[in-house]
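Let's take a walk through this model, one feature at a time. Have the structure open and follow along.

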Amino acid sequence: MAFRIPFNRPYIAGSEFKYMAQVAESRHFSGDGQFTKKCHALLESALGVPKVFLTTSCTHALEMSAILADVQEGDEVILPSFTFVSSVNAFVLRGARPVFVDVRPDTLNLDERLIEAAVTERTKAIVPVHYAGVGCEMDTIMDIANRHDIAVVEDNAHGLFGKYKGKYLGTFGAVATQSFHETKNFTCGEGGALLVNDADMIERAEILREKGTNRSRFFRGMVDKYTWVDVGSSWLPSELLAAFLYAQLEEAADIQARRQRIWTYYRENLGEWANQHGVQMPTVPDYCEQPYHMFYILLPSLEERTALIDHLKSRDILSVFHYLPLHLSDKGMAFGGKPGDCPVTEDVSDRLLRLPFYNDMTENDLEEVVAALQGFEDWRH
Ligand SMILES: *Cc1c(COP(=O)(O)O)cnc(C)c1O
């Protein structure tokens with residue numbers, strides 16, 4: 001069902017189809033051609049990352065990360081329960097056991113104060129998810145990881161171009177992952193990237209992504225035969241998708257400015273309403289620069305959230321909630337998860353609501369959403 005004001009509307013920046021036509025004319029459609037290289041160079045120089053690889057999704061970049069972090073059967077991985085399923089599945093696929101740690105009630109990020117108690121001899125990786133693109137407490141997380149010699153894999157699906165204390169998100173861990181799914185700030189429909197900060201992992205990442213072969217080294221003339229050298233899969237996107245994505249990344253400044261305008265409008269126009277009704281607004285610590293991925297609010301109760309979603313729907317506006325606690329899912333409970341394990345996650349997951357947010361949202365769309373929220377009367381207290 002289409003809503004007059006949808007939750008998300010993928011954006012066309014301008015040159016997407018022109019670049020795709022260039023790929024078509026070049027008769028080179030498979031991966032790692034000129035547009036993939038342009039995306040790599042743009043991201044490497046913008047973020048200051050030693051090596052970037054476009055991937056077919058953030059999920060696949062996470063799967064590569066689990067292999068690069070050498071996660072094996074019986075290892076443990078520390079991550080939030082309040083996240084997308086791929087953050088955990090990538091590690092479970094290698095035979096790891098997820099250890100879910102609760103999130104902070106303010107930023108909804110992995111609570112760094114609870115991590116050390118969850119570390120054991122089997123802990124192989126910590127996976128901070130920068131929720132809404134607001135940085136996790138990376139000083140503390142990196143300190144714990146370094147002291148225990150544990151790899152950090154940043155799930156930065158929300159956080160491209162966000163910063164923590166002046167440093168780009170995705171540049172702290174050994175590796176980090178990005179998503180270019182149509183719900184993210186920059187998209188090619190389905191796509192992602194692996195950012196490799198640990199120089200020792202670059203060569204293996206290249207091999208994994210090329211089906212476990214040394215094909216790339218062969219093409220560079222560094223080896224004289226092209227052969228099977230490791231495990232791997234086909235994690236590189238078609239050049240057609242890279243061309244589409246490049247057109248968006250090129251317009252990063254404009255896209256981010258559009259999103260900043262939307263986020264700021266909500267923040268400025270909902271503050272008083274939120275105070276009046278006990279609605280919690282997003283927390284962005286002053287040392288975090290966020291990339292304006294989403295605008296969420298926390299309602300006082302599940303009942304009020306359900307009623308508000310219906311109220312907005314009656315005005316043809318779609319709002320959505322997300323992240324059912326992973327530790328209480330069927331699969332999470334099979335790993336021993338039970339109610340009460342992550343009380344903050346269980347609470348916020350019932351109360352969080354995401355408002356419509358897309359690059360070409362008009363002033364009028366924004367006014368309508370705010371007016372609809374202000375017109376909600378079914379408060380339960
Ligand atoms: C969107 C998202 C992913 C998965 O991204 P895909 O590109 O769809 O695989 C992973 N983690 C988080 C936190 C996400 O929001």
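This is a predicted model: local features need pLDDT of at least 70, side-chain atom pairs count only at pLDDT 80 or more; totals for chains, interfaces and linings use all residues.

Our entry point is F218, which sits in helix 7, residues 215–219. F218 comes out as partly exposed, because its relative accessibility is 31%. Together with F219 and Y226, F218 makes a nonpolar surface patch of about 320 Å².

Now jump to helix 10, which runs over residues 302–314. Its 13 residues reach 18 Å from the first C-alpha to the last, close to the 18 Å you'd expect at 1.5 Å a residue. Which residues of helix 10 are buried? They are E304, R305, A307, L308, I309, H311 and L312. As for what covers the buried residues of helix 10, the list includes strand 11 (296–298), helix 12 (343–351), strand 12 (352–354) and helix 13 (363–374).

Helix 10 is followed by D316, which has a positive phi, near 65°. D316 is partly exposed, with a relative accessible area of 30%, and R4 is partly exposed too, at 42% relative accessibility. These two form a salt bridge, with their closest N and O atoms 4.0 Å apart. R4 lies in the segment before helix 1 (16–26), while D316 is in the loop between helix 10 and helix 11 (330–334), so the pair ties together parts that are 312 residues apart in sequence.

The count of salt bridges comes to 24. Another one of them links R113 with D111, the closest N and O atoms being 2.8 Å apart. Here R113 is exposed, at 55% relative accessibility, whereas D111 is buried, at 7%. Then there's K211 with E210, whose side chains meet in a salt bridge at 3.6 Å, N to O. K211 counts as partly exposed at 40% relative accessibility, and E210 counts as buried at 2%. Going back to R4 and D316 for a moment, salt bridges that share partners join them with E368 into one network.

What about the cysteines? How many disulfides does the structure hold? The answer is zero. Take C188: the closest cysteine sulfur is in C39, 8.0 Å away, which is too far for a bond because a disulfide needs the two sulfurs within 2.5 Å.

Terms used. Residues are numbered from 1 along each chain as its sequence is written. Side-chain values use heavy atoms; hydrogens and water are left out. Patches are made of residues with over 30% relative accessible area and no salt bridge: like charges are joined within 9 Å, nonpolar side chains (Val, Leu, Ile, Met, Phe, Trp, Tyr) within 5 Å. Accessible areas come from the Shrake-Rupley method with a 1.4 Å probe; for residues, only the protein chains shown count as cover. Helices (H or I, at least four residues) and strands (E, at least two) are DSSP runs, numbered from the N terminus. Buried means under 20% relative accessible area, exposed over 50%, partly exposed in between (1.4 Å probe, protein chains only). The expected span of a helix is 1.5 Å times one less than its number of residues. Contact means heavy atoms within 4.5 Å.
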